[in-house]
Amino acid sequence: MEMKSALAALSALAQETRLAVFRYLVEAGPEGMTVGRIGEALGVPAATLSFHLKELSHAGLVSSRQESRFIWYSANYESMNGLIAYLTENCCRGQPEACGVGCAPQTKSSTASRKKVPA
């Protein structure tokens, strides 16, 4: 990932609602969710959600597809993993084992206890 792409992704995620939407879509899996379901689940009004989805889309973090009368959004896992790799590529000077767990992503069980971010 290039620095410019990393900055766009980090900028898009540096907002409470967008971060909540992105995390919700990551959890939803590759199939994604419809705009209506995202709004209902996070309590975000349609106009506000549209703005935030556009920002995430411009940053390359989500993609959309039209199915019938519904628009589905899904997380772009390749972009997400690229950002994670960009942030950790020089961890402990290229020797992540020297850092212990500092450079390793947490497992789902260790993140389950974290409080959800409100939309």
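This is a predicted model: local features need pLDDT of at least 70, side-chain atom pairs count only at pLDDT 80 or more; totals for chains, interfaces and linings use all residues.
Q: Which backbone nitrogens does the side chain of asparagine 76 reach?
A: A polar atom of the asparagine 76 side chain lies 3.2 Å from the backbone nitrogen of glutamate 78, and the side chain also reaches the backbone nitrogen of serine 79, at 3.0 Å.

Q: What does asparagine 76 touch beyond four places away in sequence?
A: Leaving out residues up to four places away in sequence, asparagine 76 touches Gly60, Leu61 and Val62.

Q: Let's turn to α4 then; how many residues does it have, and how far does it reach?
A: Helix α4 runs over residues 46–58, which is 13 residues, and reaches 18 Å from its first C-alpha to its last, close to the 18 Å expected at 1.5 Å a residue.

Q: Which residues of α4 are buried?
A: The buried residues of α4 are Leu49, His52, Leu53 and Leu56. They cover an arc of only 100° around the axis, so they sit on the same side of α4.

Q: Why would residues three or four places apart in an α-helix point the same way?
A: An α-helix has 3.6 residues a turn, so residues with that spacing point the same way.

Q: What do the buried residues of α4 pack against, and what is exposed on the other side?
A: The buried residues pack against α1 (3–13), α2 (16–28), α3 (35–42), β2 (62–67) and β3, whereas Ala47 and His58 are exposed on the other side of α4.

Q: Changing topic, how many salt bridges are there?
A: The count comes to two salt bridges. In one, the side chains of lysine 54 and glutamate 55 meet at 3.4 Å, N to O, and in the other, those of glutamate 67 and arginine 65 meet at 2.8 Å, N to O.

Q: Are lysine 54 and glutamate 55 buried, exposed or partly exposed?
A: Lysine 54 counts as partly exposed at 37% relative accessibility, and glutamate 55 counts as partly exposed at 25%.

Technical notes:
Residues are numbered from 1 along each chain as its sequence is written. Side-chain values use heavy atoms; hydrogens and water are left out. Contact means heavy atoms within 4.5 Å. A polar contact is a pair of N or O atoms within 3.5 Å; within protein, one must be able to donate a hydrogen and the other to accept it, and residues adjacent in sequence count only if both atoms are side-chain atoms. Helices (H or I, at least four residues) and strands (E, at least two) are DSSP runs, numbered from the N terminus. The expected span of a helix is 1.5 Å times one less than its number of residues. Buried means under 20% relative accessible area, exposed over 50%, partly exposed in between (1.4 Å probe, protein chains only). The arc is that of the directions from the helix axis to the C-beta atoms. A salt bridge is a side-chain nitrogen of Lys or Arg within 4 Å of a carboxyl oxygen of Asp or Glu.
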